[in-house]
Amino acid sequence: MKFVKHPLSVSLAVAILFASIGGCDMFDRRDRSFSDDPKLEFFPLDNGIEESTLDDEGISETSVTTNIQLIGPQRDSDLSVNFTVDDSSTAEEGVHYTLPSTTATIEANSSTAEASINVLNNDQDDGGTNHILYLSLQDSEDVEAAANLKTYTLTIEGSDE
């Protein structure tokens, strides 16, 4: 029993171990509820698609979706949410994409709604240029769009045929 030669160091090591575990708040239950004003966000905030995959698959369009989420307590009534195409977008509607709607509804007792974008295979030689679509959430009723989470970015990687 070699460890018995240094009983003080063993006792000290055990005391430090218990002190570090006891001082840790990992066993405390924390309130993780959201207590600020409710906000709206896109999640995920970005996505990308290669137009060449549409060429390869021989399809004229595909759908890309993102979620619009309510940050905060669920509501007991539907919440209509609007979004717009930001002017800084380089993707052109009707050429690179179409939007089935610029409104989504977060249903009562829910936290999410989907926003869809149809990406078009435009059969143009884009020279490998990327086209960017920015969607911006708008404030809705008494719910603001979160400043740093209100813009969705879709990168459409152009093909050079």
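**Figure 1. Salt bridge between K39 and E144.** In this predicted model, K39 pairs with E144 through a salt bridge. The closest N and O atoms are 3.4 Å apart. K39 belongs to strand 1 (residues 39–43) and E144 to strand 9 (residues 144–145), so the bridge ties together parts that are 105 residues apart in sequence. E144 has a relative accessibility of 43% and therefore counts as partly exposed.

**Figure 2. Salt bridge between R75 and E141.** The side chains of R75 and E141 meet here, with an N to O distance of 3.1 Å. R75 sits in the loop between strand 3 (61–71) and strand 4 (79–85). E141 sits in the loop between strand 8 (130–137) and strand 9. The pair therefore ties together parts that are 66 residues apart in sequence. Are the two partners buried or exposed? R75 counts as buried because its relative accessibility is 19%, and buried means under 20%. E141, at 59% relative accessibility, counts as exposed.

**Figure 3. Salt bridge between D142 and R75.** D142 also meets R75, side chain to side chain, in a salt bridge of 2.9 Å, N to O. The pair links distant parts of the chain, 67 residues apart. D142 lies in the loop between strand 8 and strand 9. R75 lies in the loop between strand 3 and strand 4. D142 has 55% relative accessibility, so it counts as exposed; the cut-off for exposed is over 50%.

**Figure 4. The network of R75, E141 and D142.** Which residues are joined by salt bridges that share partners? R75, E141 and D142 form one network. R75 bridges to E141 at 3.1 Å and to D142 at 2.9 Å.

Figure 5. The protein has two helices and ten strands. From the N terminus on, the order of elements is α-β-β-α-β-β-β-β-β-β-β-β. Of the contacts with a separation of 6 or more, 77% join residues 24 or more positions apart. The K39 and E144 bridge also spans the sequence, with its partners 105 residues apart.

**Figure 6. Surface and buried residues.** The protein has 161 residues, and 29% of them are buried. The exposed surface comes to about 10100 Å². Carbon and sulfur atoms supply 48% of that area.

How values were computed:
Residues numbered from 1 in each chain as written. Predicted model: local features only at pLDDT ≥ 70, side-chain atom pairs only at ≥ 80, totals over all residues. Heavy atoms only, no water. Helix = DSSP H or I, 4+ residues; strand = E, 2+ residues; numbered from the N terminus. Buried < 20%, exposed > 50% of the residue type's maximum accessible area, 1.4 Å probe, protein only. Contact = heavy atoms within 4.5 Å. Areas by Shrake-Rupley, 256 points an atom, 1.4 Å probe, with all protein chains shown as cover. Salt bridge = Lys/Arg side-chain N within 4 Å of Asp/Glu carboxyl O.
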